[in-house]
Amino acid sequence: MATMNYMQHLQIVSTETIKPSSPTPPNLNTHTLSLFDQLAPHIFVPLVFFFSHQGPGSGTCIQLLRRSLSMTLSRYYPFAGRIKDNVSVDCNDEGVTFVEARLEGVMMSEILENPRSEIVEVLFVDGLQWKDSKIGALLKVQITFFECGGLSIGVMLSHRLGDLATLVKFVKDWAVVTRNSGFGEEIVNPLFNSADLFPHGDLPAMSGAVVEEGNFTCNRFVFEGSKIVSLKNRISEKVENPSRVEVVSALIYKAIISASRNSQNHPTLLLQTLNLRKRVAPPLPESLVGSLVSFFPVGVGGEREVIELHELVGTMRKEMGEFCNKYAKKYRTKEWPELIKRRLNESREILSKNGNNQLVYRFSSGCNFPIYEVDFGWGAADWVTVAAFKLKNTVMMLDAKNGGGIEALVSLQDHEMAAFQHNQELLAFASLNPSAN
């Protein structure tokens, strides 16, 4: 089927607004955004879960999901609000968008056997994945039923309210409430005090990062767990105990550098996104809601023809350590206000170092997030993925379902992707869009 055919096969059954089951108390009517929330781009972060079976019939299932979502929103009350300004959310209980849809003539087994970004695209509300989230509902959900009895749950959250870690935590909590027929609400306890931990102080209100869109090709690459072990063993003598994310990121970046030099000899820079919850001292709870991410740069010295994998991993580790020691571990000290100003200036310098001549690639990892622990009452998902994106020079990694593998979505300019996807070193460890079974 062509892309347009998938849209033609999608039937929207209903669109409604789900509000919290209990009103937000007046003292919680305003949710203040942390400094990192303000720096986040105004886009939706999209995640979709595929389930071959949903347990109860579709009618019972949709009623259960509606009710449990309403109850979960009473705990995640800012999600049912609206952006007020650059520094706050009006927690006015206006609600979230909830769409029920059916995809006629498409079997879940077909999707899992032959994953295609065109079909994932139709599983999100109004095609808003990775798009502007400034106006309207901050959370959007689409439940799509398939003829075979399976369903998908596509969820989008405004990046101003939370990062991927927050979105996964929300869906997991929603599943707990669903699985317990509404009786799990009391154990859902998100924390909304990130603005107290990361205040913007006397800094001016931030407008948020700008995400550059365009005509880019986004492809899915899967690294099996056994191949990642081989990759780690290859450099373990020169880098102590390299992680999955380190070696896969380094291999992808190495292949990107090679592809970019094939077409144009520009300096390159990797910006590695970091979940601050685990990097600050002491670590923050996973239930802390917000876009609690920052980044550190990984540059490549000189313009050498050959860059060794262990060098890239070593540089990543060194840069992350320096960032954590210099900034992340000092957020509770008196130095914080001055440190963050220095960090913002440093970031501007990093991004403008080589002017328009520098090619910047942004890497994010959702690995080790409990995406396959989400259970609405009919077991773990068969496949979890993010929507393909047309964002410039972006790489997103998630856990594969089995065996310690990693799935990476890579978005590059067309001419770079043509060289990247044929890189022999990359293909020795990764498969281009294999079955999701």
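This is a predicted model: local features need pLDDT of at least 70, side-chain atom pairs count only at pLDDT 80 or more; totals for chains, interfaces and linings use all residues.
Residues are numbered from 1 along each chain as its sequence is written, and side-chain values use heavy atoms, with hydrogens and water left out.

Let's start with helix 11, which spans residues 336–352. (Helices here are DSSP runs of H or I with at least four residues, strands are runs of E with at least two, and both are numbered from the N terminus.) Its 17 residues reach 24 Å from the first C-alpha to the last, close to the 24 Å expected at 1.5 Å a residue; that expected span is 1.5 Å times one less than the number of residues. Which residues of helix 11 are buried? They are Trp336, Leu339, Ile340, Arg343, Leu344, Ser347 and Ile350, where buried means under 20% relative accessible area, exposed means over 50%, and partly exposed lies in between (1.4 Å probe, protein chains only). The arc is taken from the directions that run from the helix axis to the C-beta atoms.

What do the buried residues of helix 11 pack against? Their partners are helix 2 (35–39), strand 10 (268–275), strand 11 (293–299) and helix 10 (309–326), with contact meaning heavy atoms within 4.5 Å. On the face turned away from the buried side you'll find the exposed residues Glu338 and Glu349.

Helix 8 (residues 225–235) has buried residues too, namely Gly225, Ile228, Leu231 and Ile235. They cover an arc of only 115° around the axis, which puts them on the same side of helix 8.

Thr268 counts as buried because its relative accessibility is 9%. Its side chain makes a polar contact with the side chain of Tyr253 at 3.0 Å. (A polar contact is a pair of N or O atoms within 3.5 Å; within protein, one must be able to donate a hydrogen and the other to accept it, and residues adjacent in sequence count only if both atoms are side-chain atoms.) Leaving aside residues up to four places away in sequence, Thr268 touches Tyr253, Ile257, Ser260, Val300, Leu359 and Tyr361.

Now for a pair of residues elsewhere in the chain. Glu147 lies in the loop between strand 7 (139–146) and strand 8 (151–158), and it counts as exposed because its relative accessible area is 52%. Even so, the side chain of Glu147 reaches the backbone nitrogen of Gly105 at 3.1 Å.

Three strands form an open, antiparallel sheet in the order 2-5-4, where two strands pair if DSSP finds at least two bridges between them. Strand 2 (30–32) and strand 4 (82–85) stand at the edges with a single partner strand each, so one side of each has no neighbour in the sheet. Three bridges join strand 2 to strand 5 (residues 88–90), and Thr30 stands opposite Asp90 in strand 5.
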